[in-house]
Amino acid sequence: MGIADDVAHPRNGMTDDTQQLHASTRAQDGTVLAYQRHGSGRPLVLLAGQANNHHWWDGVREDFHTTHSTVTMDYRGTGASGKPGGPYSTQLFADDLIAVLDDLGVERADVYGTSMGGRVAQWIAARHPDRVRRLVLGCTSPGGPQAQERDTAVRRALAQADPAASRQALLDLMYSPAWLADHPGPYTTLGDPDMPPHARRGHLVASNEHDAWDALPHITAPTLVLHGDQDRLTPAANAPLLAARIPRARMHLFTGARHAYFQECRAQAGPLVAAFLADPQGLPLPEAGTG
């Protein structure tokens with residue numbers, strides 16, 4: 001490796017003129033991993049939620065291109081990546097991301113993971129501390145018996161046999177009614193519609209079986225934990241658990257936001273993350289707390 005973490009270097013056909021790269025590499029087991037790099041500057045890895053591809057970050061990644069290039073990945077089972085039979089795990093997804101960074105020649109990056117992507121990011125930061133400069137964990141959970149699980153009513157709503165009813169339930173968990181009224185779609189956070197059933201099940205198992213509790217104290221990167229205070233999909237009570245477990249972590253809750261705070265509160269979340277990434281000490285904005 002040896003490539004600096006604050007400069008976008010041409011690789012696999014990417015140049016400063018194009019400022020976009022859509023390419024692929026292979027995981028250790030040979031699975032094709034599709035990835036995307038947009039912009040120039042210090043790399044910022046953006047990790048999507050369960051059963052979603054890189055389009056999860058459409059309309060948000062652009063907020064960081066004044067200072068960063070953004071790197072996304074189609075998890076195995078989604079998008080243009082391979083769709084092997086499994087088993088899948090958040091540790092495996094973390095290993096896949098390291099393969100992508102190696103292919104890009106990125107030695108060290110800022111990492112921002114939301115939902116299941118936050119679970120994946122925990123493993124990256126804990127197991128590869130030399131690869132993570134700053135860590136942002138959004139609407140996520142440590143997993144395991146210490147985590148605050150979603151309630152039975154939420155699980156039942158998502159498991160409805162009627163696809164339209166299940167989709168509406170997910171929308172209501174992702175966004176507030178007021179935001180949905182002003183934003184009729186299309187939505188990019190409701191899952192990859194082209195995922196085969198085995199991959200969708202694999203993602204569900206990977207997310208449900210995540211347990212990084214014992215690894216969290218080994219995270220050394222300055223960390224910012226973000227959450228919507230009305231999130232029932234991944235209950236907001238998980239945010240203080242993470243912030244207390246990770247050394248030097250700070251936390252901010254977005255008032256009134258549900259799971260997809262990064263879209264609904266984009267005007268606040270984007271600048272907050274950007275300020276955290278820019279601060280030499282890795283500290284968030286002074287008003288970090290709630291808002």
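I began with helix α2 and listed its buried residues: M116, G117, G118, R119, V120, A121, Q122, W123, I124, A125 and A126. The model is predicted, and I kept that in mind throughout.

I noted that eleven of the twelve residues of α2 are buried, so the helix is largely enclosed by the rest of the structure. What do the buried residues of α2 pack against? I found β3, α1 (90-104), β5, β6 (132-138), α6 (197-208) and α7 (238-245).

I then checked the length of α2, which spans residues 116-127. From its first C-alpha to its last it reaches 17 Å, close to the 16 Å expected at 1.5 Å a residue.

Next I turned to the aromatic rings. I counted ten aromatic pairs in the structure. One of them joins F64 and Y112 edge-to-face, at 6.3 Å centre to centre and 85 degrees between the planes. Where do the two residues of this pair sit in the chain? I placed F64 in the loop between β3 (42-47) and β4 (68-73), and Y112 in strand β5 (residues 109-114). They are 48 residues apart, and the pair links distant parts of the chain.

Buried or exposed? I looked up both: F64 counts as buried at 3% relative accessibility, and Y112 is buried with a relative accessible area of 1%.

I also looked at F254 and Y261, which form a stacked pair with 5.2 Å centre to centre and 10 degrees between the planes. F254 is buried at a relative accessible area of 1%, and Y261 counts as buried at 0%.

Last, I traced the ring pairs onward: they link W56, W57, F64, Y112, F254, Y261 and F262 into a cluster.

Technical notes
Residues are numbered from 1 along each chain as its sequence is written. This is a predicted model: local features need pLDDT of at least 70, side-chain atom pairs count only at pLDDT 80 or more; totals for chains, interfaces and linings use all residues. Side-chain values use heavy atoms; hydrogens and water are left out. Rings of Phe, Tyr and Trp (its six-membered ring) pair if their centres lie within 6.5 Å; planes under 30 degrees apart count as stacked, over 60 as edge-to-face and the rest as tilted. Helices (H or I, at least four residues) and strands (E, at least two) are DSSP runs, numbered from the N terminus. Buried means under 20% relative accessible area, exposed over 50%, partly exposed in between (1.4 Å probe, protein chains only). The expected span of a helix is 1.5 Å times one less than its number of residues. Contact means heavy atoms within 4.5 Å.
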